[in-house]
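Here's a quick briefing to read alongside the model. Take a look at the fold before going through the points.

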Amino acid sequence: MQISWLEDVLRGAGVSVVVEGDWLNRSAGASFEPIGVLWHHTAAPSSAERPHPALDICINGRSDLPGPLCQALVDHFGVFHLISANRCNHAGTSGGSGPIPAGDGNTLMIGWEIDYAGDGGGGVVQEMTPAQYDASVAATAAVLQRLGRSADHARGHRETSTSGKIDPSFIDLDAMRADVAAAMGEEPPPTPPGTPFRTWVAGVNVRPTPDTTGTPVGYLPTTTTVYVECQTEGETVTESGYTNNLWSKLSSPHVGYINNVFIQGPASLPVDACPI
Ligand SMILES: [Zn+2]
């Protein structure tokens, strides 16, 4: 696939665009079937005087990675510099995040390199500018609409990376996706019933009853947010030196019970007792 429509789609969304030379023919390989958009920071400090310090590198690549390194670079003022309409070397391997599967990230995603230092490029700490954020949200919404994909197909590199990438720094990616969804006119997802808490242990089974005997009805592969409707007494469970006989009844991400020993917070959570 070639996304030669990108210039028109961005301009149609009110995003300022600069075409950087032969963007239609720059390519880093053939396999390109994007279903999402990936946000990055360049780690280069940008300023009004030097609004796109990483532009040349994103076009030409580095000694260890041939360019182009992104489809577009977003400068200090939120201007989109179009670098390539084809596959680019920006994402590496995707470990899978949200609806983006594990696989070749450069095939699966279109990349915005947002030109700011983040946390420590060259010792400089710099947040994304409001102009960069607003333009990135508008551009992402327009591109996902064009691809026929929902807002949760917008991800941050630190979510898909299998090599410990931390970009984009200082961005709440859930809030970013909510802003993309709003720009796309999507209804916000309903909030599950109950109170949100975080688990702190990876690999927790969700059980049909407040004990470890039943066949699991769900599995929490990583630490995550769970919605607790109520808690009740059940089998005593020990984890990492903590012992608890209280179990939380979850409404999300699976309906069922997990022992409170897996949940951050006090042993007895500030929620209602389950009706008997
Ligand atoms: Zn990145």
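Strand 1 and strand 6 (residues 80-82) run parallel, joined by 3 bridges. Pairing here takes at least two DSSP bridges between two strands, and the elements are DSSP runs numbered from the N terminus: helices are H or I of at least four residues, strands E of at least two. Keep in mind that this is a predicted model: local features need pLDDT of at least 70, side-chain atom pairs count only at pLDDT 80 or more, and totals for chains, interfaces and linings use all residues. Residues are numbered from 1 along each chain as its sequence is written.

**The sheet**
- Across from valine 19 sits leucine 82 of strand 6.
- Helix 4 (residues 130-147) packs on the sheet and touches strand 2 (36-41), strand 5 (72-74), strand 6, strand 9 (109-114) and strand 12; contact means C-beta atoms, placed from the backbone, within 7 Å.
- The direction of helix 4 makes about 170° with that of strand 9 (axes are lines fitted to C-alpha atoms, for helices over the stretch in contact, with angles from 0 to 180 degrees between N-to-C directions).
- In total, 6 strands make an open, mixed sheet, ordered 1-6-5-9-2-12.
- At the edges, strand 1 (17-19) and strand 12 (154-156) each pair on one side only.

**Helix 6**
- Met176, Arg177, Asp179, Val180 and Ala181 are the buried residues of helix 6 (residues 173-183); buried means 20 or more other C-beta atoms within 10 Å of a residue's own, with C-beta atoms placed from the backbone.
- Their cover includes helix 4 and strand 12.
- Glycine 185 follows helix 6, with a positive phi near 75°.

Key
Two residues are in contact if their C-beta atoms, placed from the backbone, lie within 7 Å. A residue is buried if 20 or more other C-beta atoms lie within 10 Å of its own, exposed if 12 or fewer, and partly exposed in between; C-beta atoms are placed from the backbone.
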